[in-house]
Amino acid sequence: IPDFYLAPAKGNVDKSQTIDLARYFVDGEQKSYACTVADTSIATAEINGTRLTVTGVAVGITTAVVTVDGTEHTIVITVRNNANNNGWM
């Protein structure tokens with residue numbers, strides 16, 4: 001599962017990214033998924049079927065644990081306003 005890099009939500013405009021978790025696992029469509037974000041003041045996450053949506057709340061870094069059929073996978077979520085030269089690094 002890839003790490004997430006996104007901007008914080010501003011006003012009524014959500015800054016979120018969605019991925020289909022089924023793409024990352026053999027028989028992914030048949031698996032069950034859950035996600036817990038360590039610091040929800042930085043980002044939130046929602047699972048809808050096989051789709052994981054992560055939304056930036058405030059600038060910072062946090063982790064999330066995605067549980068797939070009982071096996072945990074940790075991802076890093078980085079929320080930034082912008083980066084020099086339009087790159088993340």
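The following legends describe close-up views of a predicted model.

**View 1. The salt bridge between Asp-69 and Lys-31.**
The model holds one salt bridge, in which the closest N and O atoms of Asp-69 and Lys-31 are 3.8 Å apart, a distance that meets the requirement of lying within 4 Å. Asp-69 lies in the loop between strand S6 (60-68) and strand S7 (71-79), while Lys-31 belongs to the loop between strand S2 (16-20) and strand S3 (33-37), so the pair ties together parts that are 38 residues apart in sequence. Both partners are partly exposed: Asp-69 has a relative accessibility of 42%, and Lys-31 has a relative accessible area of 27%.

**View 2. The largest nonpolar core and the contacts of Ile-77.**
This core comprises 19 residues, of which Phe-4, Leu-52, Val-54, Val-66 and Ile-77 touch the most other members. Two or more residues are contributed to the core by each of strand S1 (4-6), S3, strand S5 (51-56), S6 and S7. In soluble globular proteins, nonpolar side chains tend to be buried together. Around Ile-77, with residues up to four places away in sequence again left out, the contacts include Phe-4 and Leu-6, Val-37 and Ala-43, and Val-54.

**View 3. The aromatic pair of Phe-25 and Tyr-33.**
The structure holds one aromatic pair. The ring centres of Phe-25 and Tyr-33 are 6.2 Å apart and the planes of the rings stand at 50°, so the pair is classed as tilted, an angle under 30 degrees being needed for stacked and one over 60 for edge-to-face. Both residues are buried, Phe-25 with a relative accessible area of 17% and Tyr-33 with a relative accessibility of 11%.

Terms used:
Residues are numbered from 1 along each chain as its sequence is written. This is a predicted model: local features need pLDDT of at least 70, side-chain atom pairs count only at pLDDT 80 or more; totals for chains, interfaces and linings use all residues. Side-chain values use heavy atoms; hydrogens and water are left out. A salt bridge is a side-chain nitrogen of Lys or Arg within 4 Å of a carboxyl oxygen of Asp or Glu. Helices (H or I, at least four residues) and strands (E, at least two) are DSSP runs, numbered from the N terminus. Buried means under 20% relative accessible area, exposed over 50%, partly exposed in between (1.4 Å probe, protein chains only). A nonpolar core is a set of buried Ala, Val, Leu, Ile, Met, Phe, Trp, Tyr and Cys residues joined through side-chain atoms within 4.5 Å. Contact means heavy atoms within 4.5 Å. Rings of Phe, Tyr and Trp (its six-membered ring) pair if their centres lie within 6.5 Å; planes under 30 degrees apart count as stacked, over 60 as edge-to-face and the rest as tilted.
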